[in-house]
Amino acid sequence: MSQSQQANYDDNNIFAKMLTGDIPYHKVYEDDKTLAFMDIMPQAKGHVLVIPKQKAVDLADLESEYAAAVLATSQKVMAAQRKVFEREGVIQMQLNGAQAGQTVFHYHIHLLPSSIHELGRHAVTQADSSELAAIAKQLAEAIAAQ
Ligand code: 5GP
């Protein structure tokens, strides 16, 4: 992870622990600056999170090179979601601060193959791990084929 250290960044947040390999996750894509994985409490089937390998709490902290990298990875993930789920509609969502509903304080983009009119509740219902693993595999294969 980038050495750039934000004063209010908690090194024990759940996504930081994924980046250090201390917590398991269903990987969709990884490169030197980003990681994409399945949301454990999806608001839609195929809900993916994209995070930078930088200690950024929210958008205010995100360095431009990581902002560019996170968007480039998001484009790869969205293309894979469109292919795998055979739908055009994908929501890009990102929350800044607890007042906005942010619950994990490491910057992340949500990519949800859904409609704003059909979105499920935020971070409420845990998905079946084997189902998440199967979707992650499909999406990873679709990205590898791009
Ligand atoms: P936020 O509320 O910060 O915008 O979104 C945090 C997201 O992280 C939520 O959608 C929530 O379901 C997801 N999440 C929370 N804990 C975990 C976890 O341990 N693993 C994974 N993969 N996702 C998580």
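Start with strand 4 and strand 5, which run antiparallel and are joined by three bridges. Within that pair, Met93 stands opposite His110 of strand 5. Before going further, please keep in mind that this is a predicted model.

Staying on strand 5, look at where its side chains go. Ile109 and Leu111 point one way, His110 and Leu112 point the other way, and all of them are buried.

Strand 5 has another partner. Strand 3, residues 48-52, pairs with strand 5, residues 109-112, in the antiparallel sense over three bridges.

What is the order of its five strands? The order is 1-2-3-5-4, in an open sheet with antiparallel pairing. Strand 1 (27-30) and strand 4 (91-93) are the edges; each has a single partner strand, so one side of each is left without a neighbour in the sheet. On average, neighbouring strands are turned by 20° against each other, direction ignored.

Next, what lies on the sheet. Helix 2, residues 64-85, lies across strand 1, strand 2 (34-38), strand 3, strand 4 and strand 5, and runs at about 160° to strand 3. Helix 3, residues 129-144, also packs on the sheet, where it touches strand 1, strand 2 and strand 3. The direction of helix 3 makes about 30° with that of strand 1.

Let me stay with helix 2 for a moment. This helix has 22 residues and reaches 31 Å from its first C-alpha to its last, close to the 32 Å expected at 1.5 Å a residue. Its buried residues are Tyr66, Ala69, Val70, Thr73, Ser74, Val77, Ala80, Gln81 and Phe85. Seen down the axis of helix 2, these buried residues fall within an arc of 135°, so they line one face of the helix. What covers them includes strand 1, strand 2, strand 3, strand 5 and helix 3. On the face turned away from the buried side, helix 2 carries the exposed residues Ser64, Gln75 and Lys83.

Ala69 lies in helix 2. Why does Ala69 count as buried? Its relative accessibility is 14%, and the cut-off for buried is under 20%. Leaving out residues up to four places away in sequence, Ala69 touches Lys33 and Thr34. Ala69 and Ile51 are 18 residues apart in sequence, and their C-alpha atoms are 9.4 Å apart in space.

On to the interior. In soluble globular proteins, nonpolar side chains tend to be buried together. Here the largest nonpolar core has 23 residues, and those with the most contacts inside it are Val28, Ala36, Met38, Val48, Val50, Val77 and Leu139. Strand 1, strand 2, strand 3, helix 2, strand 5 and helix 3 are the elements that give two or more residues to this core. Which element gives the most? Helix 3 does, with six residues.

Take Met38 as an example from that core. Not counting residues up to four places away in sequence, Met38 touches His26, Val28, Gly46, His47, Val48, Leu132, Ile135, Ala136 and Leu139. There is also a second, separate core of seven residues, which includes Phe15, Phe37, Ile51 and Val104.

Glu86 follows helix 2 and sits in the loop between helix 2 and strand 4. Although Glu86 is not a glycine, its phi is positive, about 50°. At 73% relative accessibility, Glu86 counts as exposed. Ala123, in the loop between strand 5 and helix 3, is another residue other than glycine with a positive phi, near 55°. With a relative accessibility of 31%, Ala123 counts as partly exposed.

Note on methods. Residues numbered from 1 in each chain as written. Predicted model: local features only at pLDDT ≥ 70, side-chain atom pairs only at ≥ 80, totals over all residues. Heavy atoms only, no water. Pairing = 2+ DSSP bridges. Helix = DSSP H or I, 4+ residues; strand = E, 2+ residues; numbered from the N terminus. Axes fitted to C-alpha atoms, helices over the stretch in contact; angles between N-to-C directions. Contact = heavy atoms within 4.5 Å. Expected span 1.5 Å × (residues − 1). Buried < 20%, exposed > 50% of the residue type's maximum accessible area, 1.4 Å probe, protein only. Arc of directions from axis to C-beta. Core = buried A, V, L, I, M, F, W, Y, C linked by side-chain atoms within 4.5 Å.
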